[in-house]
Amino acid sequence: MSEVVAKRWNFGANEVVERSSSLSIREYLNTLISNLDEGDTRPVIPLGHGDPSPFPRFSTDPSAVKAICDAVSSTKYNKYAAASGIPVARKAVAEYLSRDLSYQISPNDVHITSGCLQAIEILISALANPGANILLPRPTYPMYDSRASFSQLEIRYFNLLPENGWDVDLDAVEALADDKTVAMVVVNPCNPCGNVFSRQHLQKIAETACKLGILLIADEVYDHYAFGDKPFVSMAEFAEIVPVVLLGSISKRWFVPGWRLGWMVTLDPHSIMKDSGFAQSLTNVINISTDAATFIQGAIPDILGNTTDEFFSVKLGRVRECAEICYEEIMKIPCITCPSKPEGSMFTMVKLNLSLLEDISDDLDFCCKLAKEESLIILPGRAVGLKNWLRITFTAELDLLIDGLSRLKNFAQRHSKKNP
């Protein structure tokens, strides 16, 4: 046995994986959970990640559940699927997305994925040529950062401007890009900021990407999560200006992230992706990737076709109600500033004023102590690229949300600097 232990083995920790994993939201959530006080009998209130599906007021539509059951019991979907998805699923997604567009998307341009995360993995893998770089927003959705780091694709960050409603700093985008820049990512409605980009701003983004000769990745997993003054407009409307890869899923609008069904749509009316060879590279990565569960794909036509407008309007109204309560309560806490009222997605970014607090060193320290003292999980801003900010998820049962914000207020008061 001692000889086996003493022997030199040729495997061990992977530094690239360690570095990439450290960028993930899960890593931060695990740290916060480890700080919870097991002696606190109050329920833990999770306002740190975007999954309201456990809450009854955000349960999915019964017709979606029936579609899954029917697909399984039909036994038609027990076999392997084609790499880009079964034809009926691709057709259903194309028709669903085309409802809100000025043109029709072809099913041939739709690739079914195992959630939006797999679409990100496939896309980043296809883009990661040696020496290439990608432009990501700050604050960010960290899965892009993790996958780019894992694929050794250089990351360059452009700012979203809180003083301008979290619009993209397009001057910074132009300054950051060079002849090795392959793409930029735009998340709309925005996770983590809670803003919705106007049609005019989306067009300017598309024109900037065209000027730079880069692919535009449009993450629209929160499509139709717009409850403010600005309507949701898909970046697909600007594919005539710049090649667009659109990402989406049923996870958020149907409140079923565990079903793992997403899509990646290549919008390339001028055949730029095709002629450059990128479209084939994307296909090649898809061919060596796993498939979304076939029975979920088989259920997609009925899920997309049979869910009523009433379901969506009721759920969106509940999201809006949560957002308004969150904003109103946050405004009552002196050490926290919310630059703008959330108008989309299920998040808001708020800034900590550490000068008003004692024995709090930074955003991570704030959130760890908050978890320990109040059994409340809120994500530190550094997890999404903004140190000394917080990302608050507001989609929860109303009583839990109100209780959580009350705990946050009590914590802030308890740690406020006392007047001399």
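## Close-up views of a predicted model

Figure 1. In β12, the residue bridged to Pro46 is Ile377. Welcome to the first stop in this predicted model. The pairing shown here belongs to β1 and β12, which run parallel and are joined by three bridges.

**Figure 2. Strand β13 is covered on both faces.** This view stays with the five-stranded sheet and moves to β13, residues 389-393. In a regular strand the side chains alternate between the two faces of the sheet. On one side of β13 you will find Trp389, Arg391 and Thr393, on the other Leu390 and Ile392, and all are buried. With five of its five residues buried, β13 is largely enclosed by the rest of the structure. Strand β11 (residues 347-352) runs antiparallel to β13 and is joined to it by five bridges, with Val350 partnered by Leu390. Strand β12 (residues 376-380) is also antiparallel to β13, through two bridges, and here Leu379 is partnered by Arg391.

Figure 3. Two packed helices are described by the angle between their axes and the distance between the axes. For α14 (residues 363-374) and α15 (residues 398-414), the angle is about 110° and the axes are 11 Å apart. That makes α14 roughly perpendicular to α15, and the crossing is right-handed. To find the contact, look for Phe366, Lys369, Leu370, Glu373 and Glu374 on α14, and for Arg407, Leu408, Asn410, Phe411 and Arg414 on α15.

**Figure 4. Eight strands line up in a second open sheet.** Reading across this sheet, the order is β2-β9-β8-β7-β6-β3-β4-β5, and the pairing is mixed. At the edges stand β2 (110-113) and β5 (167-168), each with a single partner strand, so one side of each is left without a neighbour in the sheet. Another pair to look for is β3 (residues 133-138) and β6 (residues 181-187), which are parallel and share three bridges. Within that pair, Ile134 stands opposite Ala183 of β6.

Figure 5. With β9 the sense is antiparallel, over six bridges, and Val244 stands opposite Leu267 of β9. Val244, Leu246 and Gly248 on one side of β8, and Val245, Leu247 and Ser249 on the other, are all buried. Six of the six residues of β8 are buried, so the strand is largely enclosed by the rest of the structure.

**Figure 6. Phe255 sits in the loop between β8 and β9.** The loop joins β8 (244-249) and β9 (262-267). Is Phe255 buried or exposed? Phe255 is buried, with a relative accessible area of 5%. Leaving aside neighbours within four places in sequence, its contacts are Pro52, Ser53, Phe58, Thr60, Tyr225, Ile250, Phe311 and Lys315. Asp61 is 194 residues away from Phe255 along the chain, yet their C-alpha atoms are separated by 8.7 Å.

Figure 7. How many disulfides does the structure hold? The count is zero. For Cys116, the nearest cysteine sulfur is that of Cys190, 14 Å away. Cys116 is buried, with a relative accessible area of 8%. For Cys193, the nearest cysteine sulfur also belongs to Cys190, at 4.0 Å. A disulfide needs sulfur atoms within 2.5 Å, so Cys193 is in no disulfide. Cys193 is buried too, with a relative accessible area of 2%.

Terms used: Residues are numbered from 1 along each chain as its sequence is written. This is a predicted model: local features need pLDDT of at least 70, side-chain atom pairs count only at pLDDT 80 or more; totals for chains, interfaces and linings use all residues. Side-chain values use heavy atoms; hydrogens and water are left out. Buried means under 20% relative accessible area, exposed over 50%, partly exposed in between (1.4 Å probe, protein chains only). Helices (H or I, at least four residues) and strands (E, at least two) are DSSP runs, numbered from the N terminus. Two strands pair if DSSP finds at least two bridges between them. Axes are lines fitted to C-alpha atoms, for helices over the stretch in contact, and angles run from 0 to 180 degrees between N-to-C directions. Angles under 35 degrees count as roughly parallel, over 145 as roughly antiparallel, 65 to 115 as roughly perpendicular and the rest as oblique. A crossing is left-handed if the near helix is turned anticlockwise from the far one by less than a right angle, and right-handed if clockwise. Contact means heavy atoms within 4.5 Å.
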